[in-house]
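Please open the structure in your viewer and keep the selection panel at hand. The stops below are to be taken in order.

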Amino acid sequence: MPIEILRLGHRLHRDYRITTHCGLVARAFGATKMYYSGFEDDKITLNLHKVNDSWGGNFEVQYLKNWRSFLKQSKLEGSFIILCTMYGENLPDVEQEIKSIKNTSNIIIVIGSEKIPSDLLHLSTLNVAISNQPHSEVAALAIILDRIFSGKQLSIQFDKARLKIVPKKQGKKVIYDL
Ligand code: SAM
């Protein structure tokens, strides 16, 4: 089942690195697409597509002008929407429920930036806290993907890669133009 990310509230300049990092984590850890809302920023899309060009795969990035109508429509079409928020149920208590999600078209994981709009707390299918302490969207995303994929995402082989790392205990070896 495809897993997609929605990164809310991107702010130009200020959030460039962190939104890019959300995309990098999403791609590396097995999600197929990142939507983002807030300010449209072509640099985000461009840079993540450059990562595909070098490191393979077909990770998609799409800007959303209206995330509310997107989520409402996706829910009607059968998406399971997981909102990452410290106010949700703590991950260990819902991990099995998440792992046994069936009969949905996809999973959309929503991560915020500043304060999450309160209506979103009711729009999602499940609100999940990665501990009930405040921290970061990048950490929350990495951990929830790790639990969903049970660590298997660490060994994904991306097709059409031009670069590949040969793991080394020391030093560095990269194969170019495979
Ligand atoms: N004070 C903000 C709030 O009330 O939403 C926290 C913003 S935090 C810097 C940015 C995003 O990280 C949040 O919107 C949420 O998606 C994610 N996040 C932070 N801590 C989290 C936690 N403990 N569990 C799940 N997600 C978390």
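**Stop 1: Thr20**

Select Thr20, which, leaving aside its neighbours within four places in sequence, is in contact with Ile44 and Leu48; contact means heavy atoms within 4.5 Å. The model is predicted: local features need pLDDT of at least 70 and side-chain atom pairs count only at pLDDT 80 or more, while totals for chains, interfaces and linings use all residues. Residues are numbered from 1 along each chain as its sequence is written, and side-chain values use heavy atoms, with hydrogens and water left out.

Thr20 is found in helix H1; helices (H or I, at least four residues) and strands (E, at least two) are DSSP runs, numbered from the N terminus. With a relative accessible area of 10%, Thr20 is buried, where buried means under 20% relative accessible area, exposed over 50% and partly exposed in between (1.4 Å probe, protein chains only). Next, pick the C-alpha atoms of Thr20 and Lys43: they are separated by 9.1 Å, although these residues are 23 apart along the chain.

**Stop 2: H1 against H2**

Now display H1 together with helix H2 (residues 42–55); the two pack at an angle of about 35°, with their axes 10 Å apart. Axes are lines fitted to C-alpha atoms, for helices over the stretch in contact, and angles run from 0 to 180 degrees between N-to-C directions. On the H1 side, select Tyr16, Thr19, Thr20, Gly23, Leu24 and Arg27; on the H2 side, select Lys43, Ile44, Asn47, Leu48, Val51, Asn52 and Trp55, and the contact is complete.

**Stop 3: Arg11**

Move to Arg11, in the loop between S1 and H1. Arg11 counts as buried because its relative accessibility is 18%. Its side chain is joined to that of Glu114 by a polar contact of 3.2 Å, that is, a pair of N or O atoms within 3.5 Å; within protein, one must be able to donate a hydrogen and the other to accept it, and residues adjacent in sequence count only if both atoms are side-chain atoms. Leaving aside neighbours within four places in sequence, the contacts of Arg11 are Tyr16, Phe39, Ser113 and Glu114.

**Stop 4: H6**

Finally, select Ser136, which caps the N-terminal end of H6: a side-chain oxygen lies 3.0 Å from the backbone nitrogen of Val138. Which residues of H6 are buried? They are Glu137, Val138, Ala140, Leu141, Ala142, Ile144, Leu145 and Ile148. These buried residues pack against several elements, including strand S1 (3–10), helix H1 (16–28) and strand S4 (80–90). After H6 comes Ser150, whose phi is positive, near 50°.
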